Amino acid sequence: MIRVAVQPAAIDIAAELDLHDAGGHGASASFIGRVRGDGDLTELFLDHHPAMTTAGLADLAHAAADRWHLSALTLIHRVGAMAPGETIVFILASSPHRAEALAACEFLIDRLKTDVMLWKRETFADGRVQWVEPREGDEARAEKWSR
Amino acid sequence: MILEIAYFAWVRDRMGVADETVDLPANVTHVGALVAWLAARDGRGQVAFAEPQRIRAAIDGVMMGHDAPLAGAREVALFPPVTGG
């Protein structure tokens, strides 16, 4: 099972875990990315491309499934407006073996940050609005998977 | 050549529109030339494309470099480096 979604609605993590629990997989590894409330941030908005964002996530999911022995994989990214503490991204990789589930999870979050058409915009309590700049470290982390 | 252009994130904010249809001059043959043409066209383009090295592009849904040819393209997306995750 490969499940990919780009959605404005909140991610129901319990329901997503249930889908993997039902499969009797040996190991499941997850990553949950949340909105940080740094510097009086009041809203995080995620801009996306109507077709290419989903296609980009699907490409990554299939790349992970080609590289590791995965029995189930879920990759969900929220778009639109979010408040501090809300989940932005959820990755769940299941495999007969923990090492493959953990590696796939790390690969997916590293590559997602550089390969998929998503852009963060921050709004602060004092009214400031700014688009987030990419971090240099993100590029290096994504690059290591192509070696 | 008639081309659809879609803008995202701060490129869209600076252009003031999400997308537009343009009639390209014959000498605008690749992505880099399109970015330069938009920068020279008006004040908004000048601001949005002041730093061409910060602009990424996709042609008909496929990520492409600035040297990619526009021949046969239907839609070009122009956007900043991505920041999801």
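1. The model is predicted: local features need pLDDT of at least 70, side-chain atom pairs count only at pLDDT 80 or more, and totals for chains, interfaces and linings use all residues. Residues are numbered from 1 along each chain as its sequence is written, while chains are lettered from A and ligands numbered from 1 in the order in which they are written.

2. Chain B holds an open sheet of 5 strands with mixed pairing, in the order β2-β1-β5-β3-β4. Strands β2 (19-23) and β4 (62-64) of chain B are at the edges with a single partner strand each, so one side of each has no neighbour in the sheet. From one strand to the next the twist averages 30°. Strands are DSSP runs (E, at least two residues), numbered from the N terminus, and two strands pair if DSSP finds at least two bridges between them.

3. In chain B, β1 (residues 2-7) pairs with β2(B) in the antiparallel sense over 5 bridges. Ala6(B) belongs to β1 and stands opposite Asp19(B) in β2(B).

4. Ala6(B) is partly exposed, with 19 other C-beta atoms within 10 Å; buried means 20 or more such atoms, exposed 12 or fewer, and partly exposed in between, with C-beta atoms placed from the backbone.

5. In chain A, strands β3 (residues 41-48) and β7 (residues 118-124) run antiparallel, joined by 7 bridges. The bridge partner of Phe45(A) in β7(A) is Arg121(A).

6. Strand β7(A) also runs antiparallel to β8 (residues 129-131) of chain A, with 3 bridges. Their hairpin has 4 residues between the strands, and Gly127(A) takes a positive phi near 95° there.

Definitions and conventions
Axes are lines fitted to C-alpha atoms, for helices over the stretch in contact, and angles run from 0 to 180 degrees between N-to-C directions.
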